[in-house]
Amino acid sequence: MAEEKTTINGGAEPVQTVRTTNYPAIANPTFPAEGSAAFSNYQLAFCLFFGPWLVQKLLPFRTGWYFYFFLFVLLGVPIAIGYWTFKSKFGARLNEKAVFPGKPISNYITLKDQSLKKYNETKKIPMQVFHDAYFAGKADFNGDVLEMMEWRHDWASFEFTPEMFKYVLFNLIPDVIIHSQSQDEEQVRDHYDRGDDFYSWFLGPRMIYTSGVISDINKMETLEELQDNKLKMVCEKLDLKPTDRMLDIGCGWGTLATFAGKNYGCDVTGVTLAKNQTQFGNQRLRENGVPDTQGRILCMDYRDIPHSKGYFNKISCLEMAEHVGIKRYGTFLKEVYDLLDDDGLLVFQVAGIRTCWQFEDLNWGLFMNKYVFPGADASLPLGWVIKQLESANFEIKTVDVLGVHYSATIHRWYLNWVSNKDKVIAKYGERWYRIWVYFLAYSVIQGSASVFQITAHKNLNAFHRVEGIPSHGNVLYHTAKKAEPVISHQDMWADQTLH
């Protein structure tokens with residue numbers, strides 16, 4: 001590892017023994033510090049069982065097993081909360097390679113409310129306390145939000161707070177357990193029907209709310225180039241032909257459906273719960289020459305897709321399954337399996353997390369669930385997703401981990417959002433601007449988050465696996481003598497602005 005000095009605001013910092021990068025393709029992290037992951041299931045289990053026993057021993061009267069189990073139930077939640085609080089606050093970092101500069105927190109943020117004055121220049125502020133104060137206008141960043149967030153480990157702590165436990169117990173857990181169809185409809189429409197202008201101010205003209213793909217790490221590709229790379233990759237993995245019937249589940253504003261219908265000539269059906277997206281998507285299809293006999297966006301729940309088993313021979317589902325929820329994940333995949341023809345292909349892209357989490361990751365995940373994607377509780381590790389697909393009788397063909405591509409995509413979203421600050425505030429207010437600028441800045445640098453693009457087909461003996469070799473990109477990359485793009489950026493669209 002190369003030793004490099006890191007600086008902030010022009011000041012020299014301690015020598016770091018962690019390697020940093022400088023590639024045009026991404027927003028390179030300036031201070032990639034590790035946080036605490038000091039959690040042990042064995043320690044927690046010991047505390048849960050030993051705590052009631054100790055209390056029982058300290059009581060001035062003899063009691064039996066029935067009373068012990070009563071204490072176990074009574075004290076279980078408080079002991080667990082105490083353990084999580086202690087470990088998140090005092091747990092050791094994974095490593096010390098990135099040395100904290102130790103600057104006063106006023107170097108990064110300004111705390112304006114009197115109730116926050118207890119977090120003085122040397123006492124770090126819990127991240128949940130800070131972001132709630134920031135959204136309410138009680139705190140500010142002293143500079144560019146992304147730059148200040150890069151140094152978050154020097155001014156914030158990631159301990160669990162009472163507000164976080166309250167949200168988990170009374171919001172997150174009930175949502176995970178219930179996760180009804182009406183809940184999905186309410187949460188999706190509240191989020192995605194906020195206003196197309198709101199989303200266009202960071203998504204740009206493509207209006208794609210999923211990860212793009214980098215094609216050249218030594219070039220800062222535009223957001224539109226990143227998204228075009230992804231659209232082409234998905235369609236090529238699906239091996240689309242004019243005779244295909246394609247279904248895009250959770251189609252957003254219909255851009256993938258439009259791209260597939262326009263450039264590959266297939267019949268496309270998109271499904272979304274959002275009313276605004278349905279209208280926008282159908283208009284986008286028509287404006288790009290895809291007639292209603294060939295392409296349509298339907299406003300409905302995925303449970304109500306009105307076609308018989310095996311009707312579609314190509315299905316895409318890009319970053320929608322997170323909203324399905326853990327409770328119905330397996331059932332959802334079996335429904336997708338039934339909709340897919342026995343010779344069909346599925347491209348399944350889902351946002352997820354790394355298995356070896358840090359306490360910062362949990363802070364970030366709870367923020368996302370509360371403020372940005374309520375109900376999206378199925379953002380889980382790759383191994384869990386693969387197991388669910390295989391349990392639904394899918395066979396995995398390829399897996400691409402696109403986390404760093406997502407970081408590049410969101411960085412472009414962040415730059416768009418900041419450039420449209422005045423427009424956002426004028427229509428939606430300061431609070432919505434602050435929530436989204438924090439969300440986008442943090443998502444650029446959030447190491448626990450990733451996205452997995454999985455190509456699969458039915459696990460049947462009669463499936464012609466050999467016919468999938470020409471679209472098996474990972475194999476072709478290493479075996480082809482000369483790899484040339486099937487479609488250039490100039491050829492993808494009739495013009496470079498998608499209406």
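Author: Let us begin with helix packing. Axes are lines fitted to C-alpha atoms, for helices over the stretch in contact, and angles run from 0 to 180 degrees between N-to-C directions. Please note that the model is predicted.

Reader: With that convention, at what angle do the axes of α13 and α17 cross?

Author: Helix α13 (residues 359–372) and helix α17 (residues 430–445) cross at roughly 145 degrees, and their axes come within 12 Å. The crossing of α13 past α17 is left-handed.

Reader: Which residues of α13 and α17 make the contact?

Author: From α13 the contributors are Glu360, Trp364, Phe367, Met368, Tyr371 and Val372. From α17 they are Arg431, Ile435, Trp436, Tyr438, Phe439, Tyr442 and Ser443. Sorted by class, this contact of α13 with α17 holds ten nonpolar, one polar and two charged residues.

Reader: How do α3 and α13 pack?

Author: The axes of α3 and α13 are 10 Å apart, at an angle of about 35 degrees. Here α3 passes α13 in a right-handed crossing. On the α3 side the contact involves Met127, Gln128, His131, Asp132 and Phe135, and on the α13 side Asn363, Phe367, Lys370 and Tyr371. The contact of α3 with α13 divides into four nonpolar, three polar and two charged residues.

Reader: Let us turn to aromatic pairs. What describes such a pair?

Author: A pair of aromatic rings is described by the distance of the centres and the angle of the planes. The whole structure contains 58 aromatic pairs. One case is Phe135 with Phe367: the ring centres are 6.0 Å apart and the planes stand at 35 degrees, so the pair is classed as tilted.

Reader: Why does the pair of Phe135 and Phe367 tie together separate parts of the sequence?

Author: Phe135 belongs to helix α3 (residues 127–135) and Phe367 to helix α13, so the pair ties together parts that are 232 residues apart in sequence.

Reader: Next, the sheet. In what order do the seven strands of the open sheet lie?

Author: The order is β9-β8-β7-β10-β11-β13-β12, and the pairing is mixed. Strands β9 (295–299) and β12 (394–401) are at the edges with a single partner strand each, so one side of each has no neighbour in the sheet. From one strand to the next the twist averages 15 degrees.

Reader: How many bridges link β7 with β8, and β8 with β9?

Author: Strand β7 (residues 245–249) pairs with strand β8 (residues 267–272) in the parallel sense over five bridges. Within that pairing, Asp248 has Gly270 of β8 as its bridge partner. Five bridges also join β8 to β9, again in parallel, and Thr272 is bridged to Cys299 of β9.

Reader: Which helix lies across β8 and β9?

Author: Helix α11 (residues 275–287) does so, running at about 175 degrees to β9. Together β8, α11 and β9 form a right-handed β-α-β unit.

Reader: Finally, which residues does Leu48 contact beyond its neighbours within four places in sequence?

Author: Leu48, in helix α1 (residues 41–58), is then in contact with Phe72, Gly76, Ile79 and Ala80. The C-alpha atoms of Leu48 and Phe72 are separated by 7.2 Å, although these residues are 24 apart along the chain.

Technical notes:
Residues numbered from 1 in each chain as written. Predicted model: local features only at pLDDT ≥ 70, side-chain atom pairs only at ≥ 80, totals over all residues. Heavy atoms only, no water. Pairing = 2+ DSSP bridges. Helix = DSSP H or I, 4+ residues; strand = E, 2+ residues; numbered from the N terminus. Contact = heavy atoms within 4.5 Å. Right-handed = clockwise from strand over helix to strand, strands pointing away. Left-handed = near helix turned anticlockwise from the far one by under 90°. Nonpolar A, V, L, I, M, F, W, Y, C, P; charged D, E, K, R; others polar. Phe/Tyr/Trp six-rings, centres within 6.5 Å; stacked < 30°, edge-to-face > 60°.
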